[in-house]
Amino acid sequence: MTGQVQAQLAAADDAVQRAYRAFIEHTQQCPPCRTDGADCATAVELKQTYRNAKEEAVAA
């Protein structure tokens with residue numbers, strides 16, 4: 001693997017990790033997410049952002 005390919009893979013992995021962390025941190029701090037056990041609208045958006053980042057990383 002070339003350095004450029006490794007850098008692209010690392011960037012894609014970083015994007016996935018940031019998106020997942022944002023989703024998890026939100027659900028831990030958001031009262032409706034914590035107490036109702038269901039995702040609020042923000043959590044739904046964050047989860048979709050994570051899924052999109054993961055799909056892009058796999059496609060890279």
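What percentage of the 60 residues of the protein count as buried? The share is 20%, where buried means under 20% relative accessible area, exposed means over 50%, and partly exposed lies in between, with a 1.4 Å probe and protein chains only. The model is predicted, so local features need pLDDT of at least 70 and side-chain atom pairs count only at pLDDT 80 or more, while totals for chains, interfaces and linings use all residues. Residues are numbered from 1 along each chain as its sequence is written, and side-chain values use heavy atoms, with hydrogens and water left out.

**Overall build**

- The protein has 3 helices and 0 strands, which gives the pattern α-α-α when read along the sequence; helices (H or I, at least four residues) and strands (E, at least two) are DSSP runs, numbered from the N terminus.
- The radius of gyration is 14 Å, well over the 10 Å that the globule rule gives for 60 residues, so the protein is more spread out than a compact globule; this radius is taken over C-alpha atoms, and the globule rule is 2.2 Å times the number of residues to the power 0.38.
- Along the principal axes, the C-alpha trace of the protein spans about 45 × 15 × 10 Å.
- Among contacts between residues at least 6 apart in sequence, 39% join residues at least 24 apart, a contact being heavy atoms within 4.5 Å.

**Surface and charge**

- The protein exposes about 4,400 Å², of which carbon and sulfur atoms supply 51%; the areas come from the Shrake-Rupley method with a 1.4 Å probe, and for residues only the protein chains shown count as cover.
- The mean positions of the 6 positive and 8 negative charges are 3 Å apart, with Lys and Arg counted as positive, Asp and Glu as negative, and His and the chain ends not counted. The place of a charge is taken as NZ of Lys, CZ of Arg, CG of Asp or CD of Glu.

**Cysteines**

- The count comes to 0 disulfides, under the rule that a disulfide is a pair of cysteine sulfur atoms within 2.5 Å.
- The sulfur of Cys30 is 3.7 Å from the closest cysteine sulfur, in Cys33, and this is too far for a bond.
- Cys33 is likewise in no disulfide, and the nearest cysteine sulfur to it, that of Cys40, is 3.7 Å away.
- Cys30 is buried, with a relative accessible area of 10%, and Cys33 counts as buried at 9% relative accessibility.

**Residues in helix α1**

- His26 is found in helix α1, which covers residues 3-29, and counts as buried at 18% relative accessibility.
- Leaving aside neighbours within four places in sequence, His26 is in contact with Cys33, Cys40, Thr42, Ala43 and Leu46.
- Asp14 also lies in helix α1 and counts as partly exposed at 41% relative accessibility; the C-alpha atoms of Asp14 and Ile24, 10 residues apart along the chain, are separated by 15 Å.

**Residues in helix α3**

- Lys47 has its place in helix α3, residues 41-59, and is partly exposed, with a relative accessible area of 24%.
- Apart from neighbours within four places in sequence, Lys47 is in contact with Phe23 and Asp39, whereas Lys47 and Ala11, 36 residues apart in sequence, are 19 Å apart in space, C-alpha to C-alpha.
- Arg51, also placed in helix α3, counts as partly exposed at 41% relative accessibility; Arg51 and Tyr20 are 31 residues apart in sequence and 8.6 Å apart in space, C-alpha to C-alpha.
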